[in-house]
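Take your time with each task before reading its solution.

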Amino acid sequence: MLLSCKGIIMWKIIVLCTILGLAIAEKARFNNYKVFRIIPTTAAQVEILRELEEISDGFSFWETPSFVGRNVDLMVAPHKLPQFYEIMAQIGIPHQIHIEDVQALIDETTPMIRSKSFDFTNYQPLDKIYNYLDELANNSDKVNTIIGGKTYEGRQIKGVKLSFKANNPGIFIEGGIHAREWISPATVMYILNELLTSNNTDVRALAERYDWYIFPSFNPDGYVYTHTTNRMWRKTRKPYGLICTGSDPNRNWDYKWMSGGASSNPCSETYAGSAPFSDIETKSMSEYIKSIADKFDAYISFHSYSQLLMFPYGHTTEHLENYDEEYAIGSKAIAALKQRYGTEYVTGNIAETIYVASGSTCDYIKGTYGKRLSYTYELRDRGRYGFLLPPNQIIPTGEETLDSLVAMFKEAEARGFPKKN
Ligand code: 0X9
Ligand code: ZN
């Protein structure tokens, strides 16, 4: 009897170890992967870096090649290091190691022990974010949850409407369209929480003058996948063919789709999908946005990283008719952002500030609905940590970003916003 009991316990331990082992083995590891910061000095060097983008094995761009002088951040797998050094030596591009060991940084920035309730000291998994949205809605008559869309894996794209009075103009906030940019949903949640609870006069005024449509995660499948399986995942999780998964949901919107800075290769990080709105996330959210299109006047999306505040368009460097206005408002916003912790941003048109890219939400909203204000933030940092921003930067990032929003809408209002100009 005793023996068989022991036997059962042993058996249970073996099963548990196997399950644990499998679970651990399933998670992608990035031991000795390095991130290099490369500054191309000639157009030919930019071109060679672009060629590297086509090789998905072992090279992954964190910051894609754009123009001469703009940094490119490239993650290189250990087995590709000799080839990488050879290419760098051959073409003589200035480069330096930016992150020594990606896995070490992942371990450092991913909490092993999580607090039971929602807080801003750690990055939160999707279920905690969604539960917190429900909790806010249950506890306040100013908050209502919204199911804006759905995902390939059957999840909801959940958000809230925050409204202190009827007939306010609206502001739409989008977070987490790129799965690995964890600071984005965290910042959006911070902003939501402050809009609801802050006692600061400026924040209260901003909160109560608008209706807020706030979606912390536009790509829930991808976000969950970064927690369970691959911290560096960017795209959606819909299979495109046998080998490659996911489109870039910020290249899949039906405005100037595939007209630059997007890929037709399903394995690429910037794969635009098989057609505009080929992913259910973008399709369903576009339908939701259409249904409230007359209820909001500004659209703001949050990404990381680079510390930029950009406005359309991404498919062309041509200036919009309200370029000067968006530039002036952006300048006020980044000046206010800098005040608290000295964090420096750059503002400007997407195609000129970062790179040409098409099929993004920011362009779609401007191009389809002609909304007066459409901005995209690339949050902290400038690359010391990149996507692996330590969780103790969530609150400072949230604070400074909210400062910038206060200044953004003060300046916009001084210019007659939300009236159409
Ligand atoms: O490439 C993107 O989608 C964004 N950068 S990121 O590093 N977060 O992936 C920039 C989006 C800029 N907006 C448009 N291209 N319209
Ligand atoms: Zn992004």
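The exercises below go through a predicted model, with a worked solution after each task.

**Exercise 1. In what order do the strands of the open sheet of 8 strands lie, and which strands stand at the edges?**

Step 1: Walk across the sheet from one side. The order is β5-β6-β8-β7-β11-β14-β12-β13, and the pairing is mixed.

Step 2: Look at the two ends of that order. β5 (143-150) and β13 (346-349) each have a single partner strand, so one side of each has no neighbour in the sheet.

Step 3: Check how the strands are turned. Ignoring direction, neighbouring strands of this sheet are turned by 20° against each other on average.

**Exercise 2. Find the partners of β6 and state in which sense each pair runs.**

Step 1: Start with β5. β5 and β6 pair in the antiparallel sense over 7 bridges, and N144 has K161 in β6 as its bridge partner.

Step 2: Look at the link between these two strands. They form a hairpin with 5 residues between them, and G154 in the turn has a positive phi of about 90°.

Step 3: Turn to β8 (residues 211-215). This strand is joined to β6 by 3 bridges and the two run antiparallel; here V160 stands opposite I214.

Step 4: Ask how covered β6 (residues 156-162) is. Of its 7 residues, 5 are buried, so this strand counts as mostly covered, buried meaning under 20% relative accessible area.

**Exercise 3. In which sense do β7 and β11 pair, parallel or antiparallel?**

Step 1: Locate β7 at residues 170-175 and β11 at residues 298-304.

Step 2: Follow their directions. They pair in the parallel sense, over 5 bridges.

Step 3: Pick out one position. G175 stands opposite F302 in β11.

**Exercise 4. How are helices α5 and α6 placed against each other?**

Step 1: Compare the axes of α5 (residues 126-139) and α6 (residues 183-197). They come within 12 Å and cross at roughly 10°.

Step 2: Use the cut-off. Angles under 35 degrees count as roughly parallel, and so α5 is roughly parallel to α6.

Step 3: The crossing of α5 and α6 is left-handed.

Note on methods
Residues are numbered from 1 along each chain as its sequence is written. Chains are lettered from A and ligands numbered from 1 in the order in which they are written. This is a predicted model: local features need pLDDT of at least 70, side-chain atom pairs count only at pLDDT 80 or more; totals for chains, interfaces and linings use all residues. Side-chain values use heavy atoms; hydrogens and water are left out. Two strands pair if DSSP finds at least two bridges between them. Helices (H or I, at least four residues) and strands (E, at least two) are DSSP runs, numbered from the N terminus. Axes are lines fitted to C-alpha atoms, for helices over the stretch in contact, and angles run from 0 to 180 degrees between N-to-C directions. Angles under 35 degrees count as roughly parallel, over 145 as roughly antiparallel, 65 to 115 as roughly perpendicular and the rest as oblique. A crossing is left-handed if the near helix is turned anticlockwise from the far one by less than a right angle, and right-handed if clockwise. Buried means under 20% relative accessible area, exposed over 50%, partly exposed in between (1.4 Å probe, protein chains only).
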